[in-house]
Every structure is written in structure tokens, then in C-alpha cells.
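Here are my notes on the model, as numbered points. Please read them with the structure open.

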Amino acid sequence: MLFNQIFAFFLILIATVYSCPSSFNVKSNETSVSFQTSETLLVVLSKSSFKLTVIDLITQKVQLESDINLGSGLWRGAYETLYFGYMFRVGIEEKYQLANSLQTFDCYSNNSISFIYQSENRVFNLTFSSISERSLHLHIEVNLNEYDTKPYNYVFPFISISFKTIDRLDSMKTMDYEDFYGFGQYWGFTRYRGQKLYCWSEDGSWSFLNISRRLPQANASYIPMPLFISNRGYAVYVNETRRVNFELGLFPEQIKTDHDSWTITTEWNSTNIQFYFPNTNFTIPINNRKNVSKPFEKFITIYQKYEQNRLTQRNGLSFINPAFRALVDARGTTLIPPLVVFGPWKQTGNILKNKTELEIVQMMIDRDIPITIRIGSLHFFPTGDEQGKSS
């Protein structure tokens, strides 16, 4: 009996370590497992508790390092429709558990490798694959299947994962803090360090009397995007249609410890997160011109011009975040909409006193500003019953 158990253990060990193709370059020791999904990125996972580190083999620098642990739990609460297009919710997180020890790992195909972490009574399945040479795709799945869709008692699982911010001293010995950009359409923000955002399309809230803070939620958005670029040169895309929550660290003046962290929380028992890292030798290909619109080709021309000056002049427009290059490298170029769609959003109410709508349009035409969106609908608080009665 003991011999059979020992023999079975060695079979599992051999299958675990040697079933991966040599291109993964899997190495295992007492504390960690490392592998490569490409020739230039090394991924290291700890065994005793979850910790993920991504290292650039070209520069030998850490690109990402997880903070706290990977975890999952249940959200329980209620939704209430405040007015047409906007739902308010209140709830609690419960039954939260952290991924603890690594149980096993294996390769199920030539381009993916999976790891099983165990918690008290849950299994975290992490699958890594590569979309391109400088990218990493992480799929996480947890065996937590508890749901309820009653409006007064919503219940669903969630997954959260955190990473350390890359804050460092610059040449003047002052702290240079990591910052984040992107996330789609939000009011009042361009830099998101210290913000808490949720990517979920709904009415973009409202304001009045020139009050800068929007109600009922300052971070509501018509067009959210679970994608951001860091000023440390990497980009993150959460490939989800469900709600995604971001906690983007603390404001610099609030940091009391030696490091800070940012967190992604997705509201289901599985999620897909894609990481993109720049390649220092990358140039944007535009050879296949039939798939490149003229506005995008013009942008690329300007981009490449600025790239030539990047090493000698990094102020203003002369420096473009290299994470953009990583995104284009992985996802390819795209057909940018015509210039007309990049005009201002004109909604109910005059932006200039004593000017009619046609006069405002003519002013924009005279200044070569493409006016594109004119919304004449009215929003009524609180239920929207008055829709169609604006006349």
C-alpha cells in the first residue's frame, strides 16, 4: 500500500514537471516555480502562498509583483433603481478566502500552463498563456458557485488580485510615484492614482450650478473601459463584460508604509486579465495599409517622428508611453473612426449665454472644430416617467 502511494506520488511529480514543452523552460525548487511564455518574459510563482512576479529578461527588471494574496469571496446586497438608467447598490463582502499553497501545475497545450492553489475549501485554477511576445494572459477560475438574483438579496462571487505600485526615487532623490491612465470616459480625472473606479456602463450621473462633483456617484460613466496604462510602461486589460472594480492605490500624501498597491476585483467566479509590456526595439508596422485608416496613418507618422526624438527630449508630446507600443504590438492596428467623431459632446443646455444652437454650431465650423454629438433628450429625477414629455 505504501509502495503504491509513493509510486503514484512520483507519477504525479513527473507528469507535473515534464509534461510542459521545453519552450516554457519550467524550473521548480523548494520555494517557487518559474516559467516562460515567451523568450523575454519570466514568470515566477511562489509555492507556500500565492505570489506572482513578472521579470523582463532583457532588462532583468521586475515588471510586476503581486501584493497581498489572490482571494475570492461573496458579495451580498441590494440594488435600487434611483432613476432611469442608474441603479444604486449597497452590500457587503463575506466568506473571503486567500489562495494558500500551490498544489500542482501542468501544461494542457503548447501555449498555456495551469497552476492549482488551495485555500480552506476552495480551489484557484490559474492558467497563463501568451497573446504575443510581450504579453501575458491570465485566466483565473474559482470553484465558488453561489448566486442569487433577487433585487433585495443579490449574491454572486468575486475574485480580487493586487499588485505593488512601482514608486521609486528619481535622480533628484525625490519620490516618483506610479500613476495610471485610461479607463474610458470619466469626468474630472486624467490621472487615477488614489481613485476607486468601477467599470460598468450606466447613466453618467449629473451635476448642476457648476458644482464640480457629479451626483449620485462621482465616478459613474457612460463609456467605461477596463483598460489602463501605467507610467511605468505596462498596460493592463481586464477582458470582461461584467463589472470590474479598480482600487488604484493611495494618494502619495496618504502612503504610510514602504509600498502601496493597486487592486482589480471582478464580479464572477472566473476572470481574464491581460498584461502588456513594451519592447524597446519595437516599431509600429503600417505596411498593410488597406487595414489602416488615414487618421491612424497620420497619427503613426507623428508618433514615429516623436519617437526619433524621445531619447533626447522627453517633455511634452516628445514622449509617448511605451505601453501603447506593447498594446499595438499585441492587438494590431485598428481602423480609427473618421475625424468627425472626435468633436465635442453637445448636450442639453447652451454652453454660451445668449447663443442659439445654430450659432454655436456655426462658431465651431468657423474654427474648424468638428461637432458630432447633439443630444436633445432631458433627464428627469427620480424615475424617468416624464420621458417624451419634454415639449
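**Notes on the predicted model**

1. Lining of the largest pocket. This is a predicted model. Six strands each supply at least two residues of the lining of the largest pocket: E5 (61–83), E6 (86–98), E12 (153–164), E16 (196–199), E19 (244–247) and E20 (261–266). Strand E6 gives the largest share, nine residues.

2. Volume and centre. The largest pocket holds about 870 Å³ of space. Its lining comes to 32 residues. Nearest the centre lie Arg89, Tyr198, Arg243, Asn245 and Glu267.

3. How do the residues of the lining divide into nonpolar, polar and charged? There are 16 nonpolar, eight polar and eight charged residues.

4. Overall make-up. The protein has four helices and 23 strands. It has 391 residues, and 41% of them count as buried. Take the contacts between residues at least 6 apart in sequence: 58% of these join residues at least 24 apart.

5. Main core. The largest nonpolar core has 51 residues. Which residues have the most contacts inside it? They are Ile113, Phe115, Phe128 and Trp262. Leaving aside neighbours within four places in sequence, Phe115 is in contact with Val33, Phe35, Leu45, Leu102, Thr104, Phe105, Phe124, Asn125, Leu126 and Phe128.

6. Second core. A separate core of six residues is also found. Among its members are Ile229, Tyr276, Ala326 and Leu327.

7. Aromatic pairs, and Trp75 with Phe156. The whole structure contains 20 aromatic pairs. One of them is Trp75 with Phe156, a stacked pair at 5.2 Å centre to centre and 10° between the planes. Trp75 sits in strand E5 and Phe156 in strand E12, so this pair ties together parts 81 residues apart in sequence. Trp75 and Phe156 are both buried.

8. Tyr234 with Trp262. This aromatic pair is stacked too, with 6.4 Å between centres and 25° between planes. Where do the two residues lie? Tyr234 is in the loop between strand E17 (224–230) and strand E18 (235–238), while Trp262 is in strand E20. The two are 28 residues apart, and the pair links distant parts of the chain. Both Tyr234 and Trp262 are buried. Recall that Trp262 is also among the residues with the most contacts inside the largest nonpolar core.

9. Aromatic cluster. Ring pairs join Phe163, Phe180, Phe183, Tyr192, Phe228, Tyr234, Phe246, Trp262 and Phe275 into a cluster.

10. Phe183 backbone. Most residues other than glycine have a negative phi. Phe183 has a positive phi, near 75°. Phe183 lies in strand E15 (residues 180–184). Is Phe183 buried or exposed? With 0% relative accessibility, Phe183 counts as buried. Please check the backbone here.

11. Lys95 backbone. Lys95 is not a glycine, yet its phi is positive, about 55°. Lys95 is found in strand E6, the strand with the largest share of the pocket lining. Its relative accessibility is 46%; the cut-off for exposed is over 50%, so Lys95 counts as partly exposed.

Technical notes: Residues are numbered from 1 along each chain as its sequence is written. This is a predicted model: local features need pLDDT of at least 70, side-chain atom pairs count only at pLDDT 80 or more; totals for chains, interfaces and linings use all residues. Side-chain values use heavy atoms; hydrogens and water are left out. On a 1 Å grid over the protein atoms alone, a cavity is a set of points where a 1.4 Å probe fits but cannot get out, and a pocket is an open set with protein on both sides within 12 Å along at least five of seven lines; lining residues have an atom within 4 Å of a point. Grid points are joined across faces, edges and corners, and a volume is the space filled by probe spheres set on the points. Ala, Val, Leu, Ile, Met, Phe, Trp, Tyr, Cys and Pro count as nonpolar, Asp, Glu, Lys and Arg as charged, and the others, Gly among them, as polar. A nonpolar core is a set of buried Ala, Val, Leu, Ile, Met, Phe, Trp, Tyr and Cys residues joined through side-chain atoms within 4.5 Å. Buried means under 20% relative accessible area, exposed over 50%, partly exposed in between (1.4 Å probe, protein chains only). Contact means heavy atoms within 4.5 Å. Rings of Phe, Tyr and Trp (its six-membered ring) pair if their centres lie within 6.5 Å; planes under 30 degrees apart count as stacked, over 60 as edge-to-face and the rest as tilted.
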